[in-house]
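Trainee: I am new to this structure. Please pick one part and take me through it closely, then show me how the rest connects to it.

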Amino acid sequence: MASVGMENTAAHSGREKGGKPVRLAPNYWPFVIPALVVISAVIVFPWVFTLWMSAHRWTLGQEQSFIGFDNYIRLAGDARFWESLWHTLLYTVLSVVAPLFLGTLAALVFDAQFPLRGFLRGVFVMPMMATPVAIALVWTMMFHPQLGVLNYLLSLVGIGPLEWIYNQSTVIPSLVLVETWQWTPLVMLIVLGGLASIPREPYESAEIDGANAWQKFRYLTLPMIAPFLMIALIIRSIDAVKSFDIIYAMTQGGPGTASETINIYLYNTSFAYYDIGYGSAMAVIFFIAIVALSFVLLMVRQRTNWSEMEER
Amino acid sequence: MASVNIQNVQKRFGTVRVIHGIDIDIQDGEFVALVGPSGCGKSTLLRMIAGLEELSDGEIRIGAREVSNLPARDRDIAMVFQNYALYPHMTVKDNMGFALKLKKAGAEETRAKVDRAASILGLESLLERYPRQLSGGQRQRVAMGRALVRDPQVFLFDEPLSNLDAKLRVQMRGEIKALHQRIGTTTIYVTHDQVEAMTMADKIVVLHDGMIEQIGAPLELYDRPANLFVAGFIGSPAMNFIRGRVEEGVFRTGNGLTLPLPQSANPATLGGRELVCGVRPEHIRAVASGGIEGRVELVEGTGSEIYAKLTCKGDEIACLFRERLAVRFGDTIQIAIDPSTIHLFDIETGKRI
């Protein structure tokens, strides 16, 4: 037994008795290959292919030709691209801030004890479970200037009919309203989880230290749930920046191009105008922007995470 | 600093009454320990003094002010919690300065007060750390520092040493006592550990089932416990309780064991009554001859003392010998009890005779 044990030890340490490194047999490859194949097929290949397409003049039905960075240079001078970038930014910021604010407020409400809390919480999270396209259809009807329920409700309080998604100046706020309605519950759930996990004892300390309700929220609750708010912020930011289905189903980027985000413009370029090469260049730039945004958000998250502060 | 006056304080949770009308007078600068077993209401009483729990009835005054209906933040008290209750997302410095920040104190004043408290408690090198980076004892000090910075009229401690290991507990016990002697602020200290209460307090309030069993100086409680509960609670190891009657000028148990009576006891008035005789283990001496004979059932030596359980004519008696005795399980030894150290209690009322 003793000799077997010693052999095992030598094998584990990767060295023979004489101290010479043992070359490990490459027999682990069969286990890795399936995963590599899948990753290559669904992640690596599409991206390499997208990069390749973006370097070509590639219009369906026409001959392809290598043009280097021409598509990227064309993007820089494309006013519609910059407009769609601005729409994306506006849509993202509003679709992150509004659910974050309302979701935190809702979490604070649902963190308190009151009758029917569980039932009401269940009702509150229901929008999150609905299909975006179904939501889009229902909200399109609600937004209808003549027949929609929203204008009817506004008329009850004396506010004139709005054109909602049918007007260039109100279309993005209207879409954000739908996005907020659907995703506030997600933020609420994340923050509620955070509220449940924070220690309660410091609140008694703060009470004795002289804090009022607002100061307890400002100096205790908010910093202690900050890591959870950051998680919600990251999830919402990534979701909002690549939002497509609701916008496409409700406005298809219209009226005109008033709600055309990069995603919609990219889709239209590639699949309506069949300018695949140019659309691919947009996709690459958009991807880099999302990765950069995620990186920045993750960095900020590290800074707000008090529970991991000792590691730094 | 201020006196604390507690009058007829009661607490009910629904129909359950947990504090039954308590009256305590705490002098300015006094260190008072509220001691009792778990569930006796000591922490509830402290939380009512702090303002974290509402009074069902009664009145609490701090100094000249009636504070019963004031929120905690207006009572000018500082509290150290059992679990420290530090702010986990703030550094030690921010934890200690938080109360001053709320009062909108200047940065200079805050730094001076935090530095002073840190130097008293030896926390200077830890000011930039977060609570999670501290040991239990250090967190305990920060909690005390946070209280110190406030410079309150009254310090409240809610079992602050319970989460520390035995060695650290003894060390912190000394530090809290030294701190009180240095700054002299009125202190109310809750503990279930009678040793802590005995070593630290000027005055001990023994609570049981929401009622006060006895209030007194530590030695007063030890020497003249008012009833069986206090007698059994104060002192370690616990007092021996032996049931019997006074017959022919001695105390005699049903098994025939006889013990001397204290000089103060009048055999004529006690004759025939069933009583409980209380003897502290440390008041029993081993003698060579002429004592009470007992068989050794258990021996535990710690080096400084020997704890032994004897069976004397069927009655079990615990003894604590300070001398090195060569006793072993099964030996028969003789013991003697100084009559002046014997306590007598009424078996029905439990009160001291």
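Mentor: Start with a term. Two residues are in contact if their C-beta atoms, placed from the backbone, lie within 7 Å. Keep in mind that this is a predicted model.

Now take B:Leu156. Leave aside its neighbours within four places in sequence, and B:Leu156 is in contact with B:Leu46, B:Ile49, B:Ala50, B:Ile77, B:Met79 and B:Ile188.

B:Leu156 sits in strand S7 of chain B, residues 154-158. Five of the five residues of S7(B) are buried, so this strand is largely enclosed by the rest of the structure. Look at its two faces. On one side are B:Val154, B:Leu156 and B:Asp158. On the other are B:Phe155 and B:Phe157. Both faces are covered.

Next come the partners of the strand. S7(B) pairs with strand S6 of chain B, residues 77-80, in the parallel sense over four bridges. In that pairing, B:Ala78 stands opposite B:Phe155. S7(B) also pairs with strand S8 of chain B, residues 186-191. This pairing is parallel too, over five bridges. Here B:Leu156 stands opposite B:Ile188. B:Ile188 is also one of the contacts listed for B:Leu156.

Step back to the core. The largest nonpolar core has 150 residues. B:Leu156 and B:Ile188 are among those with the most contacts inside it, along with A:Val191 and B:Leu34. Helix H9 of chain A, residues 171-197, gives the largest share of this core, twelve residues. In chain B, domain 1 (4-224) and domain 2 (240-346) each supply at least three residues. As a general point, nonpolar side chains tend to be buried together in soluble globular proteins.

The chains also touch. In total, 17 residues of chain A are in contact with 21 residues of chain B. On the chain A side, helix H10 (201-209) and helix H11 (213-241) each supply at least two residues. H10(A) gives the most, with seven. By class, that side has nine nonpolar, three polar and five charged residues.

For contrast, turn to another sheet in chain B. Five strands form an open sheet in the order S15-S19-S16-S17-S18, with antiparallel pairing. Its edge strands are S15 (284-287) and S18 (315-321), and each pairs on one side only. The twist averages 45 degrees from one strand to the next. Within this sheet, four bridges join S16(B), residues 292-301, to S19(B), residues 332-337. There, B:Arg295 stands opposite B:Thr332.

Key. Residues are numbered from 1 along each chain as its sequence is written. Chains are lettered from A and ligands numbered from 1 in the order in which they are written. This is a predicted model: local features need pLDDT of at least 70, side-chain atom pairs count only at pLDDT 80 or more; totals for chains, interfaces and linings use all residues. Ala, Val, Leu, Ile, Met, Phe, Trp, Tyr, Cys and Pro count as nonpolar, Asp, Glu, Lys and Arg as charged, and the others, Gly among them, as polar. A nonpolar core is a set of buried Ala, Val, Leu, Ile, Met, Phe, Trp, Tyr and Cys residues joined through C-beta atoms within 7 Å. A residue is buried if 20 or more other C-beta atoms lie within 10 Å of its own, exposed if 12 or fewer, and partly exposed in between; C-beta atoms are placed from the backbone. Domain bounds come from an automatic or database domain assignment. Two strands pair if DSSP finds at least two bridges between them. Axes are lines fitted to C-alpha atoms, for helices over the stretch in contact, and angles run from 0 to 180 degrees between N-to-C directions.
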